[in-house]
Amino acid sequence: MISIIGAGPAGSYLAYLLAKAGKEVTIFEEHKDVGSPVQCTGIVTHSISQFFSLTNDVIANTMDTVKIISKNNEITAKTREIVMWRNKFDLFAADLAKKAGAKIETGHQFVGFSGKNTIKVKNKENNEIKEIKSEYIVGADGPSSAVAKEAGIDVKSKFWIGMQAKVKLKSDTTVFETYFGDDFPNFFGWVVPESEDVVRLGLGAFENANEYFYRFLKKRTGKKDIMCWESGIFPVYDPKKIIQKGNVYLIGDAATQVKATTGGGIIPSLKAAKTLSECILHNKNYTFNYKIGSGKELRLHLLIRNILNKFKDADYDHLLELMKQEKVQKVLKKYDRDTPIPLVMNLLLREPRFLKYAKFVV
């Protein structure tokens, strides 16, 4: 028996892979409904096709252009992006897991361990606590992972506050915007069209996120009205994070498996689920195999984020000027942010002046 705590994309995809291989798998989801509450922009690259063939009802919008804006400069670049209905995507992934043979218990909260191979789960409807024998236990339960805490592997992580709201704003549905500079310290702002009349507008910050958000909202829209909030926290990737202790494993936000450049965690969590499934099925070391695989990519994202955190407005202005070149645009069109190693290597080969930003590493 394999118990997975959390029915987000990471937990459901892992359950799907393991159930498809013939393993007995149960997902325990704290909330009554899979996919609620929504705390994510839901934008992914076409790398999602490596894992799922998304159905039309999951997709809110597709975009082929990104507008990158600094204080005194801006560029447009070709891209291939999908904006998902995040709740429907979670339901879609959970349904695949169920069809493969996994069980999903909603409204069931993980409350602790009872020995090495048993977890305690509370039915939130009647407060009954059940003990479930489990050969493997997986924490896919988000940035404030209860599994990590109870297993004693909760190394203090650093989090961004993601302030996002749906806002009425006329926009070109094929273009999304990103904003960089001193008004967005330690991260960036975004405007992602959901439809012709509604956008998902937000930013990330370590502190004062509410103040930065409303300043950005008023500057971009001229008003302060919002339709609904979709805010939450997301972790900074920590390469030293313990992700395996005995028969307890962490994936997704619980393992800080998030791109530090963008805060995107969907694709990294799916990659981690694939690695973990192989390790469970073939009795391999998850920590080692993850670090030599997609862990390398997240370390590169973290390096780039640490460089960007030292940028001022003028640095972003200059960076965008370099990015306007046709030879750079070709590289950006060929590789996306979910393939960071070939992306960075080819950018440096085509434009060695990017190396000047290495001074920010020290």
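The model is predicted, and local features need pLDDT of at least 70, side-chain atom pairs count only at pLDDT 80 or more, and totals for chains, interfaces and linings use all residues. Residues are numbered from 1 along each chain as its sequence is written, and side-chain values use heavy atoms, with hydrogens and water left out.

**Empty spaces**

- Rolling a probe the size of a water molecule over the atoms shows where empty space is left.
- On a 1 Å grid over the protein atoms alone, a cavity is a set of points where a 1.4 Å probe fits but cannot get out, whereas a pocket is an open set with protein on both sides within 12 Å along at least five of seven lines, and lining residues have an atom within 4 Å of a point.
- Grid points are joined across faces, edges and corners, and a volume is the space filled by probe spheres set on the points.

**The second largest pocket**

- The second largest pocket holds about 260 Å³ of space, and 15 residues line this pocket, of which Lys71, Tyr179, Asp183, Phe184 and Lys219 are the closest to its centre.
- Helix H4 (residues 209-221) gives the most to this lining, with 5 residues, where helices (H or I, at least four residues) and strands (E, at least two) are DSSP runs numbered from the N terminus.
- The lining of the second largest pocket has 6 nonpolar, 2 polar and 7 charged residues, with Ala, Val, Leu, Ile, Met, Phe, Trp, Tyr, Cys and Pro counted as nonpolar, Asp, Glu, Lys and Arg as charged, and the others, Gly among them, as polar.

**The cavities**

- A search of the whole structure finds 2 cavities of 30 Å³ or more, and the largest cavity holds about 60 Å³ of space.
- Residues that line the largest cavity include Tyr237, Asp238, Ala255 and Tyr290, and its lining divides into 5 nonpolar, 2 polar and 3 charged residues.
- The second largest cavity holds about 50 Å³ of space, and its lining includes Lys259, Ile267, Ser294, His301 and Asp338.
- Helix H5 (266-282) and helix H7 (294-308) are the elements that give two or more residues to the lining of the second largest cavity, and H7 gives the most, with 4 residues.
- By class, the lining of the second largest cavity has 4 nonpolar, 2 polar and 4 charged residues.

**Helix H7**

- H7 has 15 residues and reaches 21 Å from its first C-alpha to its last, close to the 21 Å expected at 1.5 Å a residue, where the expected span is 1.5 Å times one less than the number of residues.
- Among the buried residues of H7 are Ser294, Glu297, Leu298 and His301, where buried means under 20% relative accessible area, exposed over 50%, and partly exposed in between (1.4 Å probe, protein chains only).
- The buried residues of H7 pack against strand E11 (159-168), H5, H6, helix H8 (313-323) and helix H10 (340-350), with contact meaning heavy atoms within 4.5 Å.

**Backbone exceptions**

- Most residues other than glycine have a negative phi, and most peptide bonds are trans.
- A cis peptide bond with omega about -5° joins Ser36 and Pro37, and Pro37 lies in the loop between strand E2 (25-29) and strand E3 (43-45).
- Asn127 has a positive phi, near 65°, in the loop between strand E8 (118-123) and strand E9 (128-133), and Asn127 counts as exposed at 54% relative accessibility.
- Asn283 has a positive phi of about 55° although it is not a glycine, and Asn283 lies in the loop between H5 and helix H6 (286-292), where Asn283 is exposed with a relative accessible area of 68%.
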